[in-house]
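These are my notebook entries on one structure. I wrote down what I looked up, in the order I looked.

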Amino acid sequence: MNILNREQFFSKQNARFWFCLSLLIPLYYCMVTLVNVFSYKYIVQDDARLHIVWLQRFVDGELFPNDWIADYYMAYASPGFKFIYWLGAQVNLEPMFLAKLMPIPVGLMATIYIFGVSFQIFPVPAGAFLTTLIFNQGMWFKNDVLSATARGFAYPFFAGFLFYLMQGRILPCLLFIGLEALFYPMICLVSVGILIIRLVQLHKGSLQLSQQKVNYILAVGGLIIVAVILSPAFFRETPFEPQVTAAQMKEMVEFSPNGRSPYFGFGPLLFWTHGRSGVRLPLLPPVAWLALLLPWLRSSKTGLIKHLTPKVEILWQILLPSLGLFVLAHIMLLRLYLPSRYTYFSFRFILPIAGGIVLTVLFEKTWRWFDSIRRSGRWLSPRQFVIAGLTSFFAFAFIFVPLVPPVLMSNQHWFVGKRAELYEFIAEQPKDTIVASLSKYADNIPSFSERTVLISRESAIAFHLGYYNEIRKRVVDVMAAQYSPSLEPVQKLIQDYKVNFFLVDKGAYTSTYISENDWFMQFQPVAGDAIATLEQSEKPAVEKLSEQCSALTGEKYILLDAQCIQQQS
């Protein structure tokens, strides 16, 4: 097969070649990621620490007994997400291990469908390949699919929904809406919004109701499926309610710019573009922003752009309900979860699809220009030489730089456990062991040791007050005990919470340890009291017992035996 000829390169006859080449992209990214992941004994993806580690209960029901944090995250995990890890556990695949393999099928499935979506919009195989390349770069430079959490499944399911919708296939389309609802409800609301928008069509400059029966079947079917699957979530009762309101969020330091879940307090530009409140336009890969040239290129009737089909209207059909739900989520804050969830994924589909089309058209124009120069037999002028050099440089950077493993790993948010002796020691303790700590190492103990922590910064999310008020009380109690000159608060903490070990950083007994930690400073007045105690050179009781009650001492931490502390007077 000769694809070096321009006509052959862009021919529909090479669709199979470009499709197979597209599949190599996620396989490469998977390979690089897995090599990195399996190079360490203790490694975990950031979001897996919150959403997957508790699912280890599917393998061993004795893990995390009466664990407030584990119970909370499992209570709000989507049913489809929990089911797939439960299914893996039935064949002895531990959730934390399965999570490391899950990006392979998820990435491949998303790539297959996005190739099909792009090819329906712009039936040029090379263009579909470039779309999948841009799409995968954006997907693998974020931690959605890598985390193997529920939101990672939004990529293949939304791509599958779009593929079958554009083909007019009712049952597969509704099936994927159901999967979206079971795994990641926010994206299924966008899908239903698309179905509703398609009931109104532009005809001869005016809006009118669709004349296609399939659109009504899909809209009604989608609404019924979403209502049936999501309605139980609106009526469930948990001990972690109520949900925090917008008015409460504005008053809580936890939602300020320096809080654990920053939301309010930013300038207008940041508030509407970044973080949990903004549309979160993807900055990577930059080439995706060529999508902005598509409306201008559509006015041309020459070259490859003439192959663009009317199905390109799916792009604005994705955009409109996403923005509508984004606004609605701001109005009904947290009832529809975070506003950014409704635009985050939409732009990661719209920009790669449109950007792949534009890049293909520009690539073909550039090839034609070089070909005309070659046929004329003349040399490049200095200006043409500079243009050719810059074009080659950016093409090389676009294709190869994102493939470099260190560049890829820099955005994937993997946490490597560097205190192996600590995690091994705690893992050897009984399964009902509880560790109390303000240390950052507490974030990783459930993942690496499969033991309960009383608190951790990572799990201190304030979206539900029933849950967070308990977490806040625990943080206050632990901080008060750790910095109290008296032994009584420490022993009371151990007795009240049945603590087995107390993990303390060696640098914890300086005022800057607290004052320079934004999370600690949220908890007033106990943080201020701790600083005052340290500045007055009063030695906390826990510090006095560091040597006497040490169960394990590392370079930067001390693990204290709670039973030893209880025996002191």
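Entry 1: Does Cys20 count as buried, exposed or partly exposed, and at what relative accessibility? I found 41% relative accessibility for Cys20, so this residue counts as partly exposed. For these words I used relative accessible area with a 1.4 Å probe and protein chains only: buried is under 20%, exposed is over 50%, and partly exposed is in between. Then I looked for a partner. The closest cysteine sulfur to that of Cys20 belongs to Cys30 and is 17 Å away, which is too far for a bond. Cys30 is in no disulfide either, as its nearest cysteine sulfur is that of Cys20, 17 Å off. At 5% relative accessibility, Cys30 counts as buried.

**Entry 2: what I am looking at.** I noted that this is a predicted model, in which local features need pLDDT of at least 70 and side-chain atom pairs count only at pLDDT 80 or more, while totals for chains, interfaces and linings use all residues. Residues are numbered from 1 along each chain as its sequence is written, and side-chain values use heavy atoms, with hydrogens and water left out.

**Entry 3: the disulfide.** A disulfide is a covalent bond between the sulfur atoms of two cysteines. I took the cut-off as a pair of cysteine sulfur atoms within 2.5 Å. A search of the whole structure gave me one disulfide. Cys549 and Cys564 form this link, with 2.1 Å from S to S. Cys549 sits in the loop between α27 (541-544) and β8 (550-553), and Cys564 in helix α28 (residues 562-566), so the pair ties together parts 15 residues apart in sequence. The angle about the S-S bond is -70°, and the link of Cys549 and Cys564 is left-handed. I checked the accessibility of Cys549 and Cys564, and both are buried.

**Entry 4: the whole chain.** I counted 28 helices and nine strands. Both are DSSP runs numbered from the N terminus: helices are H or I with at least four residues, strands are E with at least two. For 569 residues, a compact globule would have a radius of gyration near 25 Å; the chain has 27 Å, which agrees. That radius is taken over C-alpha atoms, and the globule rule is 2.2 Å times the number of residues to the power 0.38. Along the principal axes, the C-alpha atoms fill a box of roughly 95 × 55 × 50 Å. Of the 569 residues, 55% count as buried.

**Entry 5: two helices.** I compared lengths with the expected span, which is 1.5 Å times one less than the number of residues. Helix α10 (residues 154-167) has 14 residues and should span 20 Å; its end C-alpha atoms are 20 Å apart, which agrees. Gly168 follows α10 and has a positive phi, near 75°. Helix α12 (residues 185-197) should span 18 Å, and I found 19 Å between its end C-alpha atoms, which agrees. Ten of the 13 residues of α12 are buried, including Met186, Cys188 and Leu195.

**Entry 6: the core.** A nonpolar core here is a set of buried Ala, Val, Leu, Ile, Met, Phe, Trp, Tyr and Cys residues joined through side-chain atoms within 4.5 Å. In the largest one, of 186 residues, Phe161 and Tyr483 touch the most other members. Helix α18 (residues 341-376) gives this core its largest share, 13 residues.
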